[in-house]
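Here are a few worked exercises on a two-part question: how is each chain put together, and how do the chains meet? Have a go at each task before you read its solution.

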Amino acid sequence: MATEDMMGSLHATTEADVWSGGTSPYAVVPKKLGMWLFIVSDAITFSALIIAYAYTRVSSASWPRPFEGASIANATVMTIILLSSSITVVMAVRAAKMDARASAAKWLMATMVGGILFDVLHIREWLGLINEGVVLFKNPWGVPMFGASFFTLTGLHMTHVTIGVVYLGVIAWGFNKRKYNADDVEVSGLYWHFVDLVWMFLFPLIYLMSAKTA
Amino acid sequence: MANDVVHAHVEPKKPFMIVWGFLLAFTGIEVILAYQQLDLRVMLVILMSLSIVKAALIISYFMHLRYERPSLVWTLMPALVFVIVMMFVVFPDGVRLFYMRPK
């Protein structure tokens, strides 16, 4: 219910109106603001790790540069997959807002496939490196910190991707069943874009800056 | 509730595809850059700048922040930028202290 004040502006008057979200001050439903706040906090966590890594990388005299063309190609393909999965989730949110339930579920599943592909390619890379003798505090090429920073950063990111895949799956299932609405799909999309965003920083810092150029 | 209303118009796909194209292009530029012989710190600054541009594109268009109320943008972004700047200021100092602390 809304009433007009002296200046002619409409104000929500019942408690339900004010507290149900979507009006003031952000014009978003509470869960969307909640996800945004979580994203900012998670971004800060990743920033701390990334800044620490970047500093150590640049100030280290003998940082390994082990990534051959195949590794860089693999990581580039992973980047393209993740960027494409961002587009598919955008399409899913768009479909959800038009109440096209089957289409939204289809786009969400395409996003999940992208995430799973990313994980598979990444694990393949991990196994290759572990096979060459890279462990957390030792590697055959240079500074011991290489393994720790690589596995920590990419491992934390991969965990986020995997959790995202499960999250999207739950939302796809629930949205189809009309248990969740378009807002829930949008909120899950926000999380997925965040995961992609972190990779935008990890890819150049970890792979491109340690590419074997010689 | 305001956000439960189904949008009457069909949101166009094209802007998203254009942004996606830019993201792929910037990724390509970064890969090419990695193979140029540049000073490490110069490469770091250029790569990070490109990544920030990519992040800004994702946040504005894919995460829709460009079309949200400015109050939401102003609540989220300055806080994030401030914390990151603080980390850049404080972290190297912490490393210095590690080497210079009384034994």
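**Exercise 1. What percentage of the 214 residues of chain A count as buried?**

First, some housekeeping. This is a predicted model, where local features need pLDDT of at least 70, side-chain atom pairs count only at pLDDT 80 or more, and totals for chains, interfaces and linings use all residues. Residues are numbered from 1 along each chain as its sequence is written, while chains are lettered from A and ligands numbered from 1 in the order in which they are written.

Step 1: get the cut-offs. Buried takes 20 or more other C-beta atoms within 10 Å of a residue's own, exposed takes 12 or fewer, and partly exposed is in between, with C-beta atoms placed from the backbone.

Step 2: apply them. In chain A, 40% of the 214 residues count as buried.

**Exercise 2. Work out how α1(B) packs against α2(B).**

Step 1: geometry. The two axes come within 10 Å and cross at roughly 170°. That makes α1(B) roughly antiparallel to α2(B), a label for angles over 145 degrees. Axes here are lines fitted to C-alpha atoms over the stretch in contact, with angles from 0 to 180 degrees between N-to-C directions.

Step 2: residues. Among those that meet are Phe16(B), Phe22(B) and Leu33(B) from α1(B), and Ile46(B), Leu50(B) and Phe62(B) from α2(B). Contact means C-beta atoms, placed from the backbone, within 7 Å.

Step 3: The contact of α1(B) with α2(B) has 16 nonpolar residues, no polar ones and two charged. Nonpolar covers Ala, Val, Leu, Ile, Met, Phe, Trp, Tyr, Cys and Pro; charged covers Asp, Glu, Lys and Arg; the others, Gly among them, are polar.

**Exercise 3. Characterise the side of chain B that touches chain A.**

Step 1: count. On chain B, 42 residues are in contact with 45 residues of chain A.

Step 2: assign. α1 (14-34), α2 (40-62) and α3 (70-100) of chain B each supply at least two residues of that side, and α3(B) gives the most, with 12 residues.

Step 3: classify. The side of chain B that touches chain A divides into 30 nonpolar, five polar and seven charged residues.

**Exercise 4. Which residues touch the most other members of the largest nonpolar core?**

Step 1: define it. A nonpolar core is a set of buried Ala, Val, Leu, Ile, Met, Phe, Trp, Tyr and Cys residues joined through C-beta atoms within 7 Å.

Step 2: read it off. In the largest one, of 67 residues, the answer is Ala92(A), Ala104(A) and Leu108(A).

Step 3: trace the elements. Those giving two or more residues to this core are α2 (30-59), α3, α4, α5 and α6 of chain A together with α1 and α2 of chain B. α6(A) gives the most, with 18 residues.

Methods. Two residues are in contact if their C-beta atoms, placed from the backbone, lie within 7 Å. Helices (H or I, at least four residues) and strands (E, at least two) are DSSP runs, numbered from the N terminus. Angles under 35 degrees count as roughly parallel, over 145 as roughly antiparallel, 65 to 115 as roughly perpendicular and the rest as oblique.
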